[in-house]
Amino acid sequence: MATVDEFKDKSIEETLKELQTELKNGLSEEKAKELLKKYGLNEIPEKEEPLWHRVFRRFWGPIPWMIEIAAILSASVQKWEDFTIIMILLFVNAGVDLWQEHKALSALKVLKEKLAKKSIVLRDGKWKEIDARYIVPGDIIKLKIGDIIPADVKLVEGDFILIDQSALTGESLPVTKKAGDVAYANSIVKQGDMIAIVVATGLNTYFGKTVKLVAKAEREERSHFQEMVIKVGNFLIIITLILVGFMILFELNRGANWVELLRFSLVLTVAAIPVALPAVLTVTMAVGALYLAKRQVIVSRLASIEELAGVDILCSDKTGTLTKNQMTVSVPFTVDGYKSEDLMFYAALASKEENKDPIEIPIFDWLKKHNLYEKVKQCSQKKFTPFDPVRKRTEALVECSGEKIIVTKGAPQVIIELCNPSEFDKNVAYQRVEEFAENGFRTLGVAFKKPEEEEFHFVGLIPLFDPPREDSKPAIEEAKKYGVEVKMITGDNIAVAKYIAKLLGIGDKIYSAKELRGETYEEYVILAQIITKALLQVEEGLSPEEAENKAKKIAKLVEKELEGAKLPSGTVKRHESEIIRIIEEANGFAEVFPEDKYFIVDKLQKADHIVGMTGDGVNDAPALRKADCGIAVSNATDAARAAAALVLLAPGLMVIVRAIEIAREIFGRMEAYTIYRIAETIRVVFFMALSIMIFQFYPITALMIIILALLNDIPILSIAYDNSKISPKPVRWDMYEINIMAFWLGVAGVISSFTLFFLLVEYWKLPEDLIQSIIFTKLVVAGHGTIYNTRVKDWFWKKPWPSPILYVATFGTRILGTIIAVYGGWGLFTPVGWEWAIFIWGYAIAWFLFNDVVKMAILKMYWEKKFFFAPGHFTWLKKEMGEKVHTK
C-alpha cells in the first residue's frame, strides 16, 4: 500500500488516476468493499497476548527459575516455613511485574483511540456519514472546522484549511494547507473546509508509522536493572553450586551420611541463592516511586528509576518543555513616526479576538499588559476579512471615534509591498524581516489607510516567538553539573531551534534532521562557494578576499534555492559510526519527525549512552518508549503518558533534575544492598564449605541456616528508607567494581569466621553443639554490620548517616538473634550464655572496623587503577561479573 509521501509531489489528476476514483462521484460501494478487503480497516490492529500467557511469562526466565529452584529445594527437605516465604517472594515479584506491564500496554491502546470515529464520505455520488474505520484509499471525504482528519489525505478542492498537527510533528503553530497539499491522519482542522482524497489508512498512515515505532520500541525494550539481577543471580548460583559440589564430593569420599549431607547441602544452597534480591530491590524502587510522587513525578515502570539515575543524555522536546508553548511578542520594529503602542493597536484592530488565533492572542495579551486593551474596545469592526493563503493577510474596516480606517496585518513582504515606499526605507524594513527570520521569529507586518486612500501607511513589524520557560536555563545548567547533557529535539525549523538553544545556553550545534536522513545540501553549498570563488578570480580578476566575500553571498543564495528543491533521498550517505558521532556532538536537532526522534535515541543507545527523552505529543510516543527513561511532561497527550516511564505533573525541566537526584539516591541504596548480598553469600558459603572440608565438622545446623537467612533478608528491606549520597555523575551498574568489593568484604568475613572457628575447635576445644551456637551468634551479629560498610563509599562514620528505620531494623534483628542464641532458641539448640554473647559482639565490632579499612583500600586501588584485576586481565572473570568495565 502506498504512503502519503508518495503522493506529495503528484498532481491531483495523477492521484485520482492512481487511486482509480472520481472527484464528482467518489468510489462505488462495491469498489469500496473490494478495497476494504485489500487494505483492511482504517484502524490500528490489536493482537492482545492472552492473559494466561502473560502470567506464565512471569514464572519463566532466569530470575523466576532461581526462586523456583529455591522453593523446590525447600520443599524437598520439608522446610515449609522457608518454602512459604520463598513462594510469597515469587508471587510478589510476578504480581508487581504483571501490573507494570498492564500499565505499559495502554500506550498502543491510547494511540488507537485517537483515530477519528466518523467521517463524511462521497460514495456513488452521494455524501454520507460512515464510521472512519471503513474509509479506504480512493475515498473522497469532506473536512470542516473541528474535524479530526481520519486518514492521510491529499487536498483537492476548497480555498484552504488551517490544521493543528503539533501532536504529530511537534510544530508549535497550526499550518495552512491548500489544494495539492497532503494532510496527516489525527490532525485537527482549526479553520476552513476542503474536499480531500484518502491516500493511506490504518498502519500505513503517518500516524500509523508512529504506532509501529511504539510497538517496535516495546519489542526492543531493555532494562539495565533486569540484566544486573540476572548477572548477580547467575554469579552467586555458580559460586554456590561449585562450592557445594566440592563439599559433597569431599564428604562422600570421607564416608559421610549421604542423606544428612544432601539435606544440609540443599538447605545451604537455599540460603545462598539470593531469592530476596529482586524483592528487596523492587521494594526499594517502589518506596522511591512514592517519594517521587510527592515531588510531582509519577512512575509507571519501576525499573525506570534506576535508568533515570544513569541518564547521561537527556533529549528534550522544545515546545511546552523548554518553552512555554505560548506565542509571545518580542521587541517590535516601528518606522519613524510610530511607537510600539501604535503598532500593537493597529494589529489588534486587524484581528478578531473571539477566534482565539494563536498568532493574535499575544497581540491582545501585550495590550492588556500595557493597559491599552480598553482603547481597542472603543473601536468597532464593520467588516473583517480573515487570513487566507492567497492574500496572506487579514483586513478590517474599523470605526474609531467616528473615523473609519482600514487596517491590515500579515506576511511582512506582502504588507511592505502594499505601502507607500516614500514614507519609509523598504531596504531597512526587509533587513529587519531577514534578521527576525534568522532568529526563527514568526513576523507580522502591520499597516493602515483611510478608505479613500490607495496605498497603506506602513507602521512596523511584530516578531513573535515561543519564549523559554523561566526555569529552563537554570535546570539545564544544573543538569550539566550532574553530568547530564541536554539535547534539544524539535519539529520546528532550524532558525527557531538555534535561537532558543542560544537563549538557554544549550549550544550552537543545532542541525536539521535531514543530516540524519541523508537529505542535506551542505556539501553542495560548499562546492558552490569554492567554484564561484575560483570563477570570480579567473573571469573577473578579483582578489582572493573580494572573491571570497562575493562567493559567500552567492553560496547563501544557492542554499536558499536548495531549501525548496527536492534532492534525491540519500544523496549524502554516511556510515553509522559517523551518524553516531554527529548525534553525540550535536546540541540538538530541528525539523524532526517521530522516526527521527526514535532514530536519535537508538543511535545514542548503541553508543552506550543511557538516554532520557522528554515529550508531550503523539509524535514523541515512539521515542519515549524507546528511550531508557521516557518522560511525559506536564499536559502531555494520553499517548505520550502511556508510552512514558515517568509522567510529570508539574511543568519544566527542573522537576526532572530533582527526579534525577532522587533516582541517584535510590540507586545508591540498591548498589549498597547488592554488594552486601553478594558479600554475605560468599561469607556464608565459603566459610561453611571450608570448615566442613578442613575440620570435617558442620559449623552450624540446617535449622540455624534458615533462621540466619530469615534474620538477614527480611529486616534488610528497611534499606529502601536509608539515606544515600547523590552521585555528581550518572551512575550505572558497574558489576566489576561491585563484585570486586563484595568479594573482598566476603573474604574478610570468611577469615573472621574461620579464625573464630579455629580458636573454638583447636584452642578452646569446646563441645560441637556449643561451637555451632557461638558461630551462629557470630554470623547473626556480624551479618548486618556489612551493610554499614557498603552503604557509603567512604569511612562508615561519614555522612549521610544511616536512617533511623535502617538502624532499628538491623540492630533489632542482631539483638533478637543474640537473645535466641543466649537462650538456645528455647530448646532448639545449645544456649551460649551472655558471656559468649558479649565476647562475640566485641569480636564482630573489631572485624567490622577492619572490614571498613579493607573497603577503603579496595576503593583507593580501584579508583587509582592500581587493582591487580586490572581492566584487560581475567577476561573470563569480567565477563561473568559484567560485560563492560566502567572505570572511575
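**Local backbone features, a helix pair and a cavity**

Asp608 is placed in the loop between helix H25 (594–606) and strand S22 (611–615). The model examined here is predicted. In this model Asp608 has a positive phi of about 70°, although the residue is not a glycine. With a relative accessibility of 31%, Asp608 counts as partly exposed, because partly exposed residues fall between the limits of 20% for buried and 50% for exposed.

A positive phi of about 70° is also found at Gln296, again a residue that is not a glycine. Gln296 lies in the loop between helix H11 (277–294) and strand S10 (297–299). The relative accessibility of Gln296 is 36%, so this residue counts as partly exposed.

A further backbone feature is the cis peptide bond that joins Lys799 and Pro800, with omega at about 0°. Pro800 belongs to the loop between H32 and H33.

Helix H33 (residues 804–822) also takes part in a contact with helix H31 (residues 768–783); the axes of these two helices come within 9 Å and cross at roughly 175°. H31 and H33 are therefore roughly antiparallel to each other, since angles over 145 degrees are counted in that class. On the side of H31, the contact is made by Ser773, Phe776, Thr777, Val780 and Val781. On the side of H33, Thr813, Arg814, Gly817, Thr818, Ile820 and Ala821 take part. By type, the residues of this contact divide into five nonpolar, five polar and one charged.

H31 also contributes to the lining of a cavity. The structure holds five cavities of 30 Å³ or more, and the second largest cavity has a volume of about 100 Å³. This second largest cavity is lined by 14 residues, and Arg683, Lys778, Ala782, Thr786 and Asn851 are the ones that lie nearest its centre. At least two lining residues are supplied by each of helix H28 (654–695), helix H30 (735–763), H31, helix H32 (785–790) and helix H35 (833–863). H35 gives the most to the lining, with four residues. The lining of the second largest cavity divides into five nonpolar, six polar and three charged residues.

Elsewhere in the chain, Glu438 is found in helix H18 (residues 426–438). Glu438 has a relative accessible area of 45% and is partly exposed. When residues up to four places away in sequence are not counted, Glu438 touches Ala495 and Lys556. Glu438 and Ala495 are 57 residues apart in sequence, while their C-alpha atoms are 5.6 Å apart in space.

Key
Residues are numbered from 1 along each chain as its sequence is written. This is a predicted model: local features need pLDDT of at least 70, side-chain atom pairs count only at pLDDT 80 or more; totals for chains, interfaces and linings use all residues. Side-chain values use heavy atoms; hydrogens and water are left out. Axes are lines fitted to C-alpha atoms, for helices over the stretch in contact, and angles run from 0 to 180 degrees between N-to-C directions. Angles under 35 degrees count as roughly parallel, over 145 as roughly antiparallel, 65 to 115 as roughly perpendicular and the rest as oblique. Contact means heavy atoms within 4.5 Å. Ala, Val, Leu, Ile, Met, Phe, Trp, Tyr, Cys and Pro count as nonpolar, Asp, Glu, Lys and Arg as charged, and the others, Gly among them, as polar. On a 1 Å grid over the protein atoms alone, a cavity is a set of points where a 1.4 Å probe fits but cannot get out, and a pocket is an open set with protein on both sides within 12 Å along at least five of seven lines; lining residues have an atom within 4 Å of a point. Grid points are joined across faces, edges and corners, and a volume is the space filled by probe spheres set on the points. Buried means under 20% relative accessible area, exposed over 50%, partly exposed in between (1.4 Å probe, protein chains only).
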